[in-house]
Amino acid sequence: MTGDATTEGDQRYATALDAQLDWLVTRAPRAADGTLFHLLGSRQVWADTVYMVVPLLALAGRTDLAAAQVDGYRRRLFDPRTDLYAARWDEDRGELDRPRPLLGHAALRRARAAVSPAG
């Protein structure tokens with residue numbers, strides 16, 4: 001992906017992109033299965049990370065990691081009581097944090113299909 005950033009002639013964009021991808025792929029805090037936590041110092045999974053991180057991973061050619069993130073979020077954020085997705089999951093407590101419905105199952109399936117290699 002850095003090749004696209006350098007076509008504009010400013011190496012700072014390519015450098016920033018490389019640093020962000022390195023952080024996301026190798027150093028960002030995550031659950032045992034690789035699902036990223038949203039904030040430093042908090043072992044919470046937030047739906048916000050799906051729209052912040054998944055598109056970047058997919059555009060950078062890391063569709064495997066993008067799809068794995070969607071899968072991790074789907075497993076944690078789906079609330080079978082409401083058949084909807086909640087905004088936050090607390091990994092330490094093993095439960096939804098603020099279990100208000102966020103989006104329906106069909107919306108997350110479409111997001112997963114969009115980044116899936118078979119997509």
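At 13% relative accessibility, Asp 97 counts as buried in this predicted model, because burial is assigned under 20% relative accessible area. The residue is found in strand β4, which spans residues 95-104. The side chain of Asp 97 makes a polar contact with the side chain of Gln 44, at 3.4 Å. When residues up to four places away in sequence are not counted, Asp 97 touches Gln 44, Arg 88, Trp 89 and Asp 90.

The side chain of Asp 10 makes a polar contact with the side chain of Arg 12, at 2.6 Å.

The packing of two helices was examined next. Two packed helices are described by the angle between their axes and the distance between the axes. For helix α3 (residues 48-59) and helix α4 (residues 63-77), the axes come within 7 Å and cross at roughly 160°. Angles over 145 degrees count as roughly antiparallel, and α3 is therefore roughly antiparallel to α4. The crossing of the two helices is left-handed. On the α3 side, the residues in contact are Thr 49, Val 50, Val 54, Leu 57 and Ala 58. These meet Thr 63, Leu 65, Ala 66, Gln 69, Val 70 and Tyr 73 in α4. By class, the contact of α3 with α4 has eight nonpolar and three polar residues, and no charged residues.

At the level of the whole chain, the secondary structure comes to five helices and four strands. Read along the sequence, these elements follow the pattern α-α-β-α-α-β-β-β-α. The protein chain has 119 residues, of which 36% count as buried. Among the contacts in the protein chain with a separation of 6 or more, 43% are accounted for by residues 24 or more positions apart.

Definitions and conventions. Residues numbered from 1 in each chain as written. Predicted model: local features only at pLDDT ≥ 70, side-chain atom pairs only at ≥ 80, totals over all residues. Heavy atoms only, no water. Polar contact = N/O pair within 3.5 Å; in protein donor to acceptor, adjacent residues only side chain to side chain. Axes fitted to C-alpha atoms, helices over the stretch in contact; angles between N-to-C directions. Parallel < 35°, antiparallel > 145°, perpendicular 65-115°, else oblique. Left-handed = near helix turned anticlockwise from the far one by under 90°. Contact = heavy atoms within 4.5 Å. Nonpolar A, V, L, I, M, F, W, Y, C, P; charged D, E, K, R; others polar. Buried < 20%, exposed > 50% of the residue type's maximum accessible area, 1.4 Å probe, protein only.
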